[in-house]
Every structure is written in C-alpha cells, then in structure tokens.
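Hi there,

Here is the structure I promised to pass on to you. Have a look at it first, and then read on for what I found in it.

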Amino acid sequence: MHDDRTTPQGRCGCHRGICRLESGDPRHGTVNGYTNLGCGCVPCRAAHSVKCLERRVARSAGPIPDRVHGTPGGYGNYRCTCGDCRRAWAKDTGERAKRRRERLASLAGTVSGKASKKDR
Ligand SMILES: [Zn+2]
Ligand SMILES: [Zn+2]
Ligand SMILES: [Zn+2]
C-alpha cells in the first residue's frame, strides 16, 4: 500500500459499530463511506446528510404529481400549500392526534385498572 501522507493508520474513531474504514481512508467524507462502508464519523455523516438534503430539495423543487394533491403527503412531502393539500394534512394531523389520545386513554385505563385490581 502506498501512502505518503502523515495521517496515522488505525481504526476509525467513529462510534458506528458497522464501520469498516480505517482512519486516514480517503473515502471518509463521502456518501459511500457512510452508506456502504458504515462509517459514522462527522465528515461521513455530513456527506450523507448533504445528500439527503439534496434529494429532498430536488423532490420539492420538481413538479408535484397530481395524485399527491389532496393527500397529507402533498403538504408533508412536497410542501404543496394548495388548499386541498393543506386540508388533507390538517385532517390527517387531527386524526392522528385523536388516535393517539384514544390510545393513551385506553392505556391509562388498563394500567390503572390493573393497579386497582392488584390493590384489592
Ligand atoms: Zn468516516
Ligand atoms: Zn468510521
Ligand atoms: Zn397540492
């Protein structure tokens, strides 16, 4: 192996258990380093999040497919602010909150029910 840089070779210092890179590997700071080689060091994570951001920007910059209008995804994923999308998003958010409240209420009911049974 030819390496004339002074970077010390050794295990990469990142905390990602699946990392297969050594420190000084030129693939640090690339999406490849993060996605395929499992590295979680700061430059690799940064490269990955930039890629994610680019993808998200590209998606939101592109034309919004007709089928997503009037669905929660139109507003949630494509940032469409047309009336249909906003209504669908508001409805979905409201329903999700309601479902969560109901689940929490039923959970609280079972927990307190069990507790009071145990008491007796
Ligand atoms: Zn890395
Ligand atoms: Zn690493
Ligand atoms: Zn829309």
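The secondary structure amounts to 4 helices and 2 strands, and along the sequence they come in the order β-β-α-α-α-α. Please bear in mind that this is a predicted model. Its pLDDT averages 86 over the chain, and 85% of the residues score at least 70. Element by element, helix α1 (residues 31-35) has the highest mean pLDDT, at 96, while strand β1 (residues 10-11) has the lowest, at 82.

Of the 120 residues in the chain, 12% are buried. Taking contacts with a separation of 6 or more, 9% are between residues 24 or more positions apart.

In soluble globular proteins, nonpolar side chains tend to be buried together. Here the largest nonpolar core has 8 residues: C12, C14, L21, Y34, C39, C41, C44 and A47. One of these core members is C41. If you set aside the neighbours within four places in sequence, C41 is in contact with C12, G13, C14 and H28. Of these partners, C12 and C14 also belong to the core.

Next comes helix α2, which covers residues 42-61 and so has 20 residues. From first C-alpha to last, helix α2 reaches 28 Å, close to the 28 Å expected at 1.5 Å a residue. Is α2 buried or in the open? Helix α2 lies largely in the open, because the number of its 20 residues that are buried is 2.

Not counting residues up to four places away in sequence, V68 touches G73, G74 and Y78. V68 and C80 are 12 residues apart in sequence, and their C-alpha atoms are 9.2 Å apart in space.

One backbone detail is also worth a look: which phi does R79 have? R79 has a positive phi of about 55°, although R79 is not a glycine. R79 is in the loop between α3 and α4 (83-119). With 13 C-beta neighbours inside 10 Å, R79 counts as partly exposed, since the cut-off for an exposed residue is 12 or fewer.

Best wishes

Conventions
Residues numbered from 1 in each chain as written. Chains lettered and ligands numbered in written order. Predicted model: local features only at pLDDT ≥ 70, side-chain atom pairs only at ≥ 80, totals over all residues. Core = buried A, V, L, I, M, F, W, Y, C linked by C-beta atoms within 7 Å. Contact = placed C-beta atoms within 7 Å. Expected span 1.5 Å × (residues − 1). pLDDT = per-residue confidence, 0-100.
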